[in-house]
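Please open the model in your viewer and keep the selection panel at hand.

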Amino acid sequence: MRQSRVALVAIAVAIPLGMLATVYTGGRPAGTIAAEHKVQVVASFYPLYDFSSHVAGGRADVTSLVPPGIEPHDWEPTLGDVTRVRSADMLVINGAGFEAWVDSIGAKKIVNTTEEIELEEYEEKEGDGHGHGVVNPHIWLDPVLAKHQVEAIRAALAQADPDNADYYSENAASYTAELDSLDALIRSELSSCDKSEFIAFHDAFGHFAERYGLKQHAIHGVSPEGEILPQRLQQVIELARSLGISVIYSEDLVDSRLAEVVAGEIPGGRVLVLSPIEGISSNERAAGIGYIEKMMENVANLKEGLGCA
Ligand SMILES: [Zn+2]
């Protein structure tokens, strides 16, 4: 790379400016200089980081805005984060309202990975009273919908860095094949179960449940944080008892003692993790654990809770 830059400088000195474009585009691909600067991608939180990294391979730099191990629901960007996003070529987001701060952060380009996905809206229960429909944002937990998110990332990278478009297409195709395998594995693992209903820690598994013919209940609403009233807890305990559920699910990034409380009140109750994969620890990341591996752990724990063969 250094050599080609030296060569170009030499050409620029030796020829009149008007000829430079001809020599430049004729001699080498127009992206040669741009290629020295890898496309800088900032992904909002973990699944977007993992999907973007798989598509980018080694040819674009991907970082995660929300640090590893931090719950992203109530996360707010710092001034440093704003600077980082503004200097990046693109900000990859989940969309569907998950990143409430996105409009004010000033990204050069926003890649909304769920923009093209048509999902059923439901009426917001406590909102501003306008009664507008909202979509549950936990779209990445359905591997079939996640493929659309991967495709949106591929298209954005190909547009920003056309010289590497084929490379990004290959990466996206191979990751999409992994998502297809995951989808097939989930279908087969959950094909013969005693139960079809489960109690998640927060309302993150609706799209997943719909995809696989299950029914999700949740202790918390759309975010895993905030107060749970005793009446709500009592409802969950009664629901678990009436469904004959013994496994209550907790999460990896939040204090999930509430799950223990519920489990303590039901026959044979115990707690397993059902991760919404909203962030993973640095240790997991270092061990090469990503979205696919976390989904497989989820499936193993769901099999126990649902009593699958
Ligand atoms: Zn969530």
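Begin by selecting α7 and helix α12 (residues 291-306), which pack at an angle of about 5° with their axes 11 Å apart; helices here are DSSP runs of H or I with at least four residues, strands are runs of E with at least two, and both are numbered from the N terminus. Axes are lines fitted to C-alpha atoms, for helices over the stretch in contact, and angles run from 0 to 180 degrees between N-to-C directions. The angle therefore makes α7 roughly parallel to α12, given that angles under 35 degrees count as roughly parallel, over 145 as roughly antiparallel, 65 to 115 as roughly perpendicular and the rest as oblique.

This is a predicted model, in which local features need pLDDT of at least 70 and side-chain atom pairs count only at pLDDT 80 or more, while totals for chains, interfaces and linings use all residues. Residues are numbered from 1 along each chain as its sequence is written, and side-chain values use heavy atoms, with hydrogens and water left out.

Next, show the side chains between these two helices: Y175, E178, L179, L182, L185, I186 and E189 of α7 meet Y291, I292, M295, M296, V299 and K303 of α12, where contact means heavy atoms within 4.5 Å. These residues divide into ten nonpolar, no polar and three charged; Ala, Val, Leu, Ile, Met, Phe, Trp, Tyr, Cys and Pro count as nonpolar, Asp, Glu, Lys and Arg as charged, and the others, Gly among them, as polar.

D50, F51, H54, V55 and A56 of α4 make the contact with Y167, Y168, N171, A172 and Y175 of α7, a set of seven nonpolar, two polar and one charged.

From α4 (residues 46-56), move to the strands that this helix lies across, namely β1 (39-43), β2 and β3, where α4 runs at about 170° to β2. Selecting the strands shows an open sheet of four in the order β2-β1-β3-β4, with parallel pairing; its edge strands, each pairing on one side only, are β2 (60-64) and β4 (110-112), and the twist averages 25° from one strand to the next. Two strands pair if DSSP finds at least two bridges between them, and three bridges join β3 (residues 90-93) to β4, with V92 having V111 as its bridge partner in β4.

Finally, turn to the largest pocket, with a volume of about 1400 Å³. On a 1 Å grid over the protein atoms alone, a pocket is an open set of points with protein on both sides within 12 Å along at least five of seven lines, a cavity is a set where a 1.4 Å probe fits but cannot get out, and lining residues have an atom within 4 Å of a point. Grid points are joined across faces, edges and corners, and a volume is the space filled by probe spheres set on the points. Of the 43 lining residues, Y122, N136, D203, G221 and V222 are the closest to the pocket's centre.
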